[in-house]
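Reader: I have a structure to look through, and I'd like to go over some of its side chains with you. Could you put it up here?

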Amino acid sequence: MVEQRQVKQAGSKNQQAFSSLLPDSTLQAPVRTRNYAYYKEIFNGRPMPYAYLDLDLMWENIQQIRAQAGTKTIRLATKSLRSVAIIKRILAVGPIFQGLMCYHPQEAVYLVKHNLDDLLLGYPIWNEADIAAIARASAEGARITLMVDSPEHVDQIDRIAQRYDVMIPLCLDIDMSTSFPSLHFGVWRSAVRTTTQLRPILERIEASSNVKLDGLMGYEAQIAGVGDNAPGHGTRNAVIQFLKRHSLTEIAERRAELVAAIKDFGFPLRFVNGGGTGSISTTRQEEAVTEITVGSGFYAPTLFDNYRDFHFQPAAGFAIEIVR
């Protein structure tokens, strides 16, 4: 977890304003060199190990993410942020930041207790105790949406929801990887890629009494999570850039087709989620998408140094002692 230490001399004007940031704020972080020597001076004498978060640089990332998102809202990925205080700070910036995507059901229940709402589980779950914990939280008024990609998921959740007499919202997990001749570009995210594979799940939801369809998610990992501008790897970069260009058209068409099929079936969708830190500028162009999930971009780990279309500021770091 990133420790929430304010960096000394890191722009007190920004730090004072951070708790009440407005969507139209024009406040800018001070121009300064944030390199090894800068942080070494700031943390001189502090015992190691320690972690830090530079609020000025995170503010720059927030501004860039907000600008890239256009008209889409941003759902925060909690597994990347790992701090309730930071999550609340970002949500307070303005209405463009809405909702959370959680890694684990117990984490979602924990965040509800911290007065956070509109939580989406990023992955399907099966464990009965975990689903029961979500059902109990739902009975107390929490809005937690569970991920599914099979009729069996629907049955398991519906059975447990009946026991607690609650209605649990569901999100369909759609596979956004692209297949080329002799190459699978992306991750094996879900068993659902086509409208034919989707229909049995929709029919099972329609026949269930204690679940309802809330949204659809398609994560294009091959765009959002693969750098295409690594130094010294010109040939590899060119191949990845080629694959991304051809993949973008295919995934946009597939996502739009699946959303249309759901609506034709008679299900309204509260949200259509897509993308990640590395695909904000492309995911926002899809009319079917209503929100984009972003987490790592607020801290900007090393992975995101190697993208052509953007550069976030490395806002979080840690230090350990060198002993030999």
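Reader: Where does Glu107 lie?
Author: Glu107 lies in helix H6, residues 105-112, where helices (H or I, at least four residues) and strands (E, at least two) are DSSP runs numbered from the N terminus. This is a predicted model, in which local features need pLDDT of at least 70 and side-chain atom pairs count only at pLDDT 80 or more, while totals for chains, interfaces and linings use all residues. Residues are numbered from 1 along each chain as its sequence is written, and side-chain values use heavy atoms, with hydrogens and water left out.

Reader: Buried or exposed, that Glu107?
Author: Glu107 counts as buried, at 15% relative accessibility; buried means under 20% relative accessible area, exposed over 50%, and partly exposed in between, with a 1.4 Å probe and protein chains only.

Reader: And which residues is Glu107 in contact with, leaving aside its neighbours within four places in sequence?
Author: With those neighbours set aside, Glu107 is in contact (heavy atoms within 4.5 Å) with Thr78, Lys79, Arg82 and Cys102. The side chains of Glu107 and Thr78 also make a polar contact at 2.5 Å, a term for a pair of N or O atoms within 3.5 Å where, within protein, one must be able to donate a hydrogen and the other to accept it, and where residues adjacent in sequence count only if both atoms are side-chain atoms. From C-alpha to C-alpha, Glu107 and Thr78 are 9.0 Å apart in space, and they are 29 residues apart in sequence.

Reader: Changing topic, how many salt bridges are there?
Author: The count comes to 18 salt bridges, each being a side-chain nitrogen of Lys or Arg within 4 Å of a carboxyl oxygen of Asp or Glu.

Reader: What does Arg270 pair with?
Author: Arg270 forms a salt bridge with Asp214, and their closest N and O atoms are 2.9 Å apart. Arg270 lies in the loop between helix H11 (234-265) and strand S10 (271-274), and Asp214 in strand S9 (residues 211-219), so the pair ties together parts that are 56 residues apart in sequence. Asp214 is buried, with a relative accessible area of 7%, whereas Arg270 counts as partly exposed at 35%.

Reader: Which residues are linked with them in a network of salt bridges?
Author: The network links Asp214 and Arg270 with Arg75, Asp117, Asp118, Arg143 and Glu291.

Reader: What about Arg255, which residue does it form a salt bridge with?
Author: Its partner is Glu220, with the closest N and O atoms of Arg255 and Glu220 being 3.1 Å apart, and both Arg255 and Glu220 are buried.
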